[in-house]
Amino acid sequence: MLIRIRSKDGNFRYDLSPDDDISKLLEKILETSIDPDISSITISNQPRGNEVKISSLKGQTLRKLGLNHGDLVFVSYQVKSDGTDDAPAPSTSAARPNTAAPKEAKRPWELVQEDSVDTYWRSQSGKIPRERDSRFCKHALNGMCDYCMPLEPYDVAYHKEHAIKHLSYHAYLQKITPKPSASAASQLPPLNPLSYKVKVPCPTATHPPWPAGICTACQPSSITLQSQPFRMVDHLEIASLDIIDRFLQAWRKTGLQRFGWLIGRYEPYDKVPMGVKAVVEAIYEPPQQGELDGLTLGWPWEDETRIRQLASQASTSLTVVGYIFTDLDPTPEDRTKNVYKRHPQSFFLSSLEAIFAATVQRANPTASRSSPTGQYASRLVTAVLTATEDGQVDVSAYQVSEQAVAMVEADMIEASVDPGIVRVKEEDRTDDSARYVPDVFFSYKNEYGLEVKKSAKPCFPVEYLLVNVTHGFPQNPSPVFQSTAFAIENRPGLENQSLETAMSALNRLEAPSLYPGSESYKKIELAKWLSDWHFVAFLQTTQLFSNDDIKVLMHTVTSPTLLEDAKSIDPVLSTEGWHTLMTFTRESAPARPSSSAPSGGAADRMDDDIPPEVFDQIAADDAARAAAASDSGGGGSSGIRICPHCTFENDHGGDCDVCGLPLA
């Protein structure tokens with residue numbers, strides 16, 4: 001049943017059972033009260049009079065006290081002083097007067113640690129500045145009127161003029177948040193997470209719980225699908241074109257589709273009032289099995305905890321901001337172009353992809369102080385690499401609405417054979433898989449331009465669940481990771497990550513000869529090569545570096561000033577893990593053959609530029625030539641005739657095989 005509480009902290013509603021002890025109600029009162037003295041809490045059925053101390057009602061149930069569904073209980077209490085505790089401990093010291101002000105207990109949503117971009121926008125007004133209008137402004141330069149005063153961040157005309165389809169998250173918050181006032185209602189969170197599940201147990205407690213019974217108090221209301229007015233992320237920015245190019249290499253070589261998690265951060269976006277953009281710095285590819293028209297992905301993601309922890313250790317903390325997958329199919333006529341399959345006449349995201357996006361967003365909520373649960377919606381972005389109308393490859397970015405997430409949570413929808421259609425499931429009252437499906441509607445404009453509402457059962461278009469997100473690349477790229485040269489994980493047969501490959505590359509960079517404190521351009525080259533997300537993630541799995549060493553490596557190679565000074569890489573060169581890796585690198589370095597290497601002053605300087613494989617080939621040729629000479633009895637008696645004209649060695653008499661002149 002529903003019990004309403006009114007106190008000096010505001011009005012609250014709690015779902016309780018009639019058989020609950022009065023202590024359950026006391027717990028709810030304490031959650032929303034500011035530093036109360038428990039012994040002074042009283043309840044009453046009137047604003048004044050009939051107060052009864054709640055401590056005297058211990059052991060009684062709400063039903064026994066006569067409380068019914070919807071009853072209003074008035075609560076009063078005295079604030080606990082700093083020197084007062086529920087169970088004061090004995091002390092031998094003299095009591096000291098405490099003049100400090102009492103600390104106010106924070107409510108659950110006030111304890112949430114939000115993302116830095118949310119903290120930034122909460123400190124800003126978000127007003128849209130406007131220049132002085134030369135035609136209508138008649139005031140002085142330091143004046144202001146209706147034609148030049150700043151606009152609210154949710155101004156409808158501004159969004160329509162700049163073709164901004166959705167409000168940003170913080171602009172939407174400012175729109176729905178009531179103005180500050182003395183009333184307690186203005187201090188409550190304005191957002192309420194959607195839920196389409198049956199309330200179990202029923203608040204009225206008048207019937208058996210679902211699926212044995214249901215009533216209007218516990219069943220969800222009917223659903224009308226509509227475009228979400230806001231979006232959690234307004235823009236997807238890829239920090240560097242090389243990130244996408246390296247991700248596409250696997251598809252270019254095999255033709256199989258690929259999937260990857262987007263590693264990045266959230267920043268303010270100035271193209272939208274109070275906007276937020278997701279900046280992608282790397283793509284991590286989990287174990288997967290690609291196919292020509294899809295892929296199989298391991299779920300749940302096993303390495304998620306490790307990757308999130310590693311990303312958070314960057315100089316600018318990173319996290320998982322979304323995921324990306326390919327949907328590319330070359331045209332039979334021209335293999336350099338791809339089939340244009342995602343367009344307004346077909347679909348943008350298939351129903352299966354939309355349900356997967358809702359599942360992932362539900363598992364990754366955003367911390368928010370504007371929700372009573374401390375969480376609301378998700379900022380994970382779905383990116384698709386697909387063909388454009390002219391056959392080229394481009395990125396498309398989306399999110400699914402909160403209605404989609406709530407419907408997936410309630411197990412109400414499923415994918416259909418037609419990728420552009422979502423199917424509504426049938427109601428199920430079995431105990432193991434009980435599912436209640438309320439009425440679902442969607443509206444559209446008919447051929448006469450009239451708004452028509454239609455039932456979404458048994459199916460409806462997937463576009464009603466999507467939220468568009470713009471995307472792009474920066475004009476002046478400055479990625480956190482400076483290299484993408486190292487092999488990418490989980491690409492068996494294409495790119496194999498191994499310690500031997502890493503040590504071979506470090507040998508070419510002469511890493512074993514570089515030490516902290518030295519000034520060398522080779523240290524900058526080494527720093528650039530080490531600044532690779534895939535290399536750092538692989539190195540963590542080798543167990544050569546401790547957790548502290550990996551933290552130093554990650555923080556150093558993601559520094560914005562990494563390539564400005566050769567000494568920037570010194571913290572990495574000083575770690576124990578690096579010394580261990582360099583020991584293995586020195587031992588694995590191939591020895592150069594001394595007999596075949598050229599000698600002399602100039603030749604010694606050229607020695608560093610000749611790969612060891614060339615020396616090995618020269619030594620092998622010399623050995624084969626010496627063996628052939630020894631087998632034939634040596635020198636001039638072997639029957640070899642040297643041409644006096646071109647010096648070619650012939651194994652017969654007569655004319656030379658090269659120049660054709662006589663050998664005699």
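This is a predicted model: local features need pLDDT of at least 70, side-chain atom pairs count only at pLDDT 80 or more; totals for chains, interfaces and linings use all residues.
View A. Residues are numbered from 1 along each chain as its sequence is written, and side-chain values use heavy atoms, leaving out hydrogens and water. The loop holding Asn490 runs between β24 (466-472) and α9 (499-508) (helices are DSSP runs of H or I, at least four residues; strands are runs of E, at least two; both are numbered from the N terminus). Phi of Asn490 is positive, near 55°. Most residues other than glycine have a negative phi.

**View B. Glu510, another positive phi.** Glu510 is not a glycine, yet its phi is about 55°. It sits in the loop between α9 and α10 (521-530). With 33% relative accessibility, Glu510 is partly exposed.

**View C. The cis peptide bond at Pro201.** Omega from Val200 to Pro201 is near -5°. Pro201 lies in the loop between α4 (169-176) and β7 (223-225).

**View D. The cis peptide bond at Pro458.** Omega from Lys457 to Pro458 is near 10°. Pro458 belongs to the loop between β22 (451-455) and β23 (459-461). Most peptide bonds are trans.

Methods:
Buried means under 20% relative accessible area, exposed over 50%, partly exposed in between (1.4 Å probe, protein chains only).
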